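Subject: Structure handover, salt bridges

Hi,

Here is the structure we talked about. Please open it alongside this note. My findings on charged side-chain pairs follow.

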Amino acid sequence: MITQAHIIAWLQDCARVFEAQKATLTELDSPIGDADHGINMARGFGKVADKLPSLAENDISGILKAVGMTLMSTVGGAAGPLYGTFFTRAAAAVTGKPELDSADVLALLGAGADGIAQRGRAVPNDKTMLDALYPAAAALKAALDGGADLLPALEACVAAAEAGVQATIPLIARKGRASYLGERSIGHQDPGATSAALLLRALLEAAKALT
């Protein structure tokens, strides 16, 4: 089960991870974007971490909704609205849940990914964060359908997300700033997919740490 404590730990881990990976994400964004993805993600999740003490009495859905609103207001570029939508849709998917079972985690991830797809009008293979999130959701579902417990299923989820990141390298970008480059976007790893995979790995590590 994923508890409120897991969610808090996940978000704290996200702040640490995005600060640590700020330069890497910005380097990935430099040739095909605005060279600010790492800076924006670190700033946004830093603000989230600052707010976590005031959210301690909220339920899981309330915390996720607050995260979404914070990211929308503090993360620049497309990432703010997209990740903000991810968290607000995730919050709606688990309303009233004191703890999250495996099906709830799958619903959270699926709703968040679908929210990004709708907000960004993107589909798989557009060279976006969906190329990490949709394979991750599919792998999580397949593992759970096969009888796996949540932690092994999350391992499969993260592995699929990370494979999805690598699969963006040969793609032509069809959405966002990178799409302006056309075929010149080929050969570059998508920074949004990379940050999405980092987000999911932080969830896995938080789940492991408190199990």
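A residue is called exposed when its relative accessible area is over 50%, and buried when that area is under 20%. Anything in between is partly exposed. Please keep in mind that this is a predicted model.

The search was for salt bridges, and the count is 7.

Start with helix α1, residues 4-20, which holds both Asp 13 and Arg 16. They sit 3 residues apart, about one turn of the helix. Their side chains form a salt bridge, at 2.1 Å from N to O. Asp 13 is at 17%, so it is buried.

Next, Lys 97 and Asp 104. Their closest N and O atoms are 3.3 Å apart, in a salt bridge. Asp 104 is buried, because its relative accessible area is 10%. Lys 97 has 32%, so it is partly exposed.

Then helix α7, residues 130-145. Lys 141 and Asp 145 both lie there, 4 residues apart, about one turn of the helix. They form a salt bridge, with the closest N and O atoms 2.7 Å apart. Asp 145 is exposed, because its relative accessibility is 56%. Lys 141 is at 43%, so it counts as partly exposed.

Best wishes

Technical notes: Residues are numbered from 1 along each chain as its sequence is written. This is a predicted model: local features need pLDDT of at least 70, side-chain atom pairs count only at pLDDT 80 or more; totals for chains, interfaces and linings use all residues. Side-chain values use heavy atoms; hydrogens and water are left out. A salt bridge is a side-chain nitrogen of Lys or Arg within 4 Å of a carboxyl oxygen of Asp or Glu. Helices (H or I, at least four residues) and strands (E, at least two) are DSSP runs, numbered from the N terminus. Buried means under 20% relative accessible area, exposed over 50%, partly exposed in between (1.4 Å probe, protein chains only).
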